[in-house]
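Please keep the sequence and the structure in view while reading.

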Amino acid sequence: KHSHATHSGDAFCPGCGDKNPDFNGDQLECVDCGKTVGSKKEVEDGTVKFCRNCGGNKAKEKVAKE
């Protein structure tokens, strides 16, 4: 059985391409590198403590890109 290695910001499983049922497009971004880190709820409740890309520990609301 395949174990989906997804995070709430992943719309699809990177391993097999299946849709992620836990996808949440409302993600905060890392202050240091700008990559998504997790939903506001995940960051506030401590589920997400650092950026999996750079290790930074501060997040901010995403800025709309035009």
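In what follows, Ala, Val, Leu, Ile, Met, Phe, Trp, Tyr, Cys and Pro count as nonpolar, Asp, Glu, Lys and Arg count as charged, and the others, Gly among them, count as polar. The model described here is predicted. The protein chain contains one helix and three strands, and its elements follow the pattern β-β-α-β from the N terminus on.

**Overall form**

- The protein chain has 66 residues, of which 23% count as buried.
- Taken along the principal axes, the C-alpha atoms of the protein chain fill a box of roughly 35 × 30 × 20 Å.
- Among contacts in the protein chain between residues at least 6 apart in sequence, 28% join residues at least 24 apart.

**The sheet**

- The three strands form an open sheet in the order S2-S1-S3, and the pairing is antiparallel.
- Strands S2 and S3 stand at the edges, each with a single partner strand, so one side of each is left without a neighbour in the sheet.
- From one strand to the next, the twist averages 40°.
- In a regular strand, side chains alternate between the two faces of the sheet.

**Strand pairing**

- Strand S1 covers residues 27-30 and strand S2 covers residues 36-39; the two pair in the antiparallel sense over three bridges.
- Within this pair, leucine 28 stands opposite glycine 38 in S2, while glutamate 29 stands opposite threonine 36 in S2.
- Strands S1 and S2 form a hairpin with five residues between them. In the turn, glycine 34 has a positive phi of about 85°.
- Strand S1 also pairs with strand S3, which covers residues 59-61, in the antiparallel sense over three bridges.
- On that side, lysine 60 in S3 is the bridge partner of glutamate 29.

**Serine 39**

- Serine 39 lies in strand S2.
- The relative accessible area of serine 39 is 6%, which is under the 20% limit, so this residue is buried.
- Not counting residues up to four places away in sequence, serine 39 touches Ser8, Asn24, Asp26, Gln27 and Leu28.

**Histidine 4**

- Histidine 4 is found in the segment before S1.
- Leaving aside residues up to four places away in sequence, histidine 4 touches Cys13, Cys16 and Asp18.
- One of these residues, cysteine 16, is twelve residues from histidine 4 in sequence, and the two are 7.9 Å apart in space, C-alpha to C-alpha.

**The largest pocket**

- The largest pocket has a volume of about 160 Å³.
- The residues lining the largest pocket are His7, Ser8, Gly9, Gln27, Val37, Gly38, Glu42, Thr47, Val48, Lys49, Phe50 and Arg52.
- By class, this lining has three nonpolar, six polar and three charged residues.
- Glycine 38, the residue opposite leucine 28, is among the lining residues.
- Ser8, also part of the lining, is one of the residues that serine 39 touches.

How values were computed. Residues are numbered from 1 along each chain as its sequence is written. This is a predicted model: local features need pLDDT of at least 70, side-chain atom pairs count only at pLDDT 80 or more; totals for chains, interfaces and linings use all residues. Side-chain values use heavy atoms; hydrogens and water are left out. On a 1 Å grid over the protein atoms alone, a cavity is a set of points where a 1.4 Å probe fits but cannot get out, and a pocket is an open set with protein on both sides within 12 Å along at least five of seven lines; lining residues have an atom within 4 Å of a point. Grid points are joined across faces, edges and corners, and a volume is the space filled by probe spheres set on the points. Two strands pair if DSSP finds at least two bridges between them. Helices (H or I, at least four residues) and strands (E, at least two) are DSSP runs, numbered from the N terminus. Axes are lines fitted to C-alpha atoms, for helices over the stretch in contact, and angles run from 0 to 180 degrees between N-to-C directions. Contact means heavy atoms within 4.5 Å. Buried means under 20% relative accessible area, exposed over 50%, partly exposed in between (1.4 Å probe, protein chains only).
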